[in-house]
Amino acid sequence: MAIAKAQPGKALLNPVNHTLIMIDHQSQMSFATHSIDAVTLRNNVALVAKAAKEFKVSTILTTVAEKSFSGPMFDEIKSVFPNEEVIDRSSMNTWEDPRIADRVNAIGKDKIVLAGLWTSVCIVGPALSALDQGFEVYVITDASGDVSNEAHQRAIERMIQLGARPMTSLQYLLELQRDWARTETYNETVATAIANGGAYGLGLIYAKTMFNASEGH
């Protein structure tokens, strides 16, 4: 029979077991994105970037045709990673660029977390390619988007069918924190949730303002 142990499951993400790849969060790509509004998308992207920075997650930033067509990566990402190299590609499938493969291999993590525009092209491509090569793949669905709800949903379904695991931006942040007793990251996690966590962030503001509440303390 199964035995319960007070330890996390192997499928959960932690700060050191995965590589985050943020793909094509660029102006031109966002203009035609309709599965999520631009304000929500930018907020969620900021949340993901801040979470990765806070927890020192191995992160790869990449764009497509930045200078000639698609424009710069969102400032919500660049401001968080001002010194991080952004790999600019010609390929729609990030995974087909040898520079990305070299970075992934140098980092050496078996779990890959993806977020980007558009879901049906720029996320499906690397997701299916990475799965085919034996990686575990997670997709942050609300930090991604597509030209229609139909395109986004079908892309997510296609990836799930082949083994990808969907999650949300707030889930990503809280899964990395996981225990409020981890005081070294507590304050920054709460600050990120307050800034970008929507109604949950408002709840934190209320609880701390009205009765100085603190989770796990």
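Select Thr-33, which is found in the loop between helix H1 (27-31) and H2; helices (H or I, at least four residues) and strands (E, at least two) are DSSP runs, numbered from the N terminus. This is a predicted model, in which local features need pLDDT of at least 70, side-chain atom pairs count only at pLDDT 80 or more, and totals for chains, interfaces and linings use all residues. Residues are numbered from 1 along each chain as its sequence is written, and side-chain values use heavy atoms, with hydrogens and water left out.

Thr-33 has 8% relative accessibility and therefore counts as buried (under 20% relative accessible area; exposed is over 50%, partly exposed in between, with a 1.4 Å probe and protein chains only). Show its surroundings next. Leaving aside residues up to four places away in sequence, Thr-33 touches Leu-117, Trp-118, Gly-145, Asp-146 and Val-147, where contact means heavy atoms within 4.5 Å. The side chains of Thr-33 and Trp-118 are joined by a polar contact of 3.2 Å. A polar contact is a pair of N or O atoms within 3.5 Å; within protein, one must be able to donate a hydrogen and the other to accept it, and residues adjacent in sequence count only if both atoms are side-chain atoms.

Now colour the sheet. Six strands form an open sheet in the order E3-E2-E1-E4-E5-E6, with parallel pairing; two strands pair if DSSP finds at least two bridges between them. The edges are strand E3 (86-89) and strand E6 (165-167), each with a single partner strand, so one side of each has no neighbour in the sheet. From one strand to the next the twist averages 25°. Axes here are lines fitted to C-alpha atoms, for helices over the stretch in contact, and angles run from 0 to 180 degrees between N-to-C directions.

Move to E1 (residues 18-23), which runs parallel to E4 (residues 111-116) and is joined to it by six bridges. E1 also pairs with E2 in the parallel sense, over five bridges. Pick Met-22: it stands opposite Ala-115 in E4 and opposite Leu-61 in E2. Ile-23 stands opposite Gly-116 in E4.

Helix H2 (residues 38-54) packs on the sheet and touches E1, strand E2 (58-64) and strand E5 (136-140), with its direction at about 145° to that of E1.

Select helix H8 (residues 169-177) next. Its buried residues are Ser-169, Tyr-172, Leu-173, Glu-175, Leu-176 and Gln-177, and their cover includes E1, H2, E4, E5, E6 and helix H9 (183-196). Just after H8, Arg-178 takes a positive phi of about 60°.

Finish with the aromatic rings. The structure holds three aromatic pairs; rings of Phe, Tyr and Trp (its six-membered ring) pair if their centres lie within 6.5 Å, with planes under 30 degrees apart counted as stacked, over 60 as edge-to-face and the rest as tilted. One of them is Trp-95 with Phe-135, edge-to-face at 5.4 Å centre to centre and 75° between the planes. Trp-95 lies in the loop between E3 and helix H5 (98-107) and Phe-135 in the loop between helix H6 (119-132) and E5, so the pair ties together parts that are 40 residues apart in sequence. Trp-95 and Phe-135 are both buried. Another is Trp-180 with Tyr-186, also edge-to-face, at 5.7 Å and 85°. Trp-180 is partly exposed, with a relative accessible area of 23%, whereas Tyr-186 is buried at 6%.
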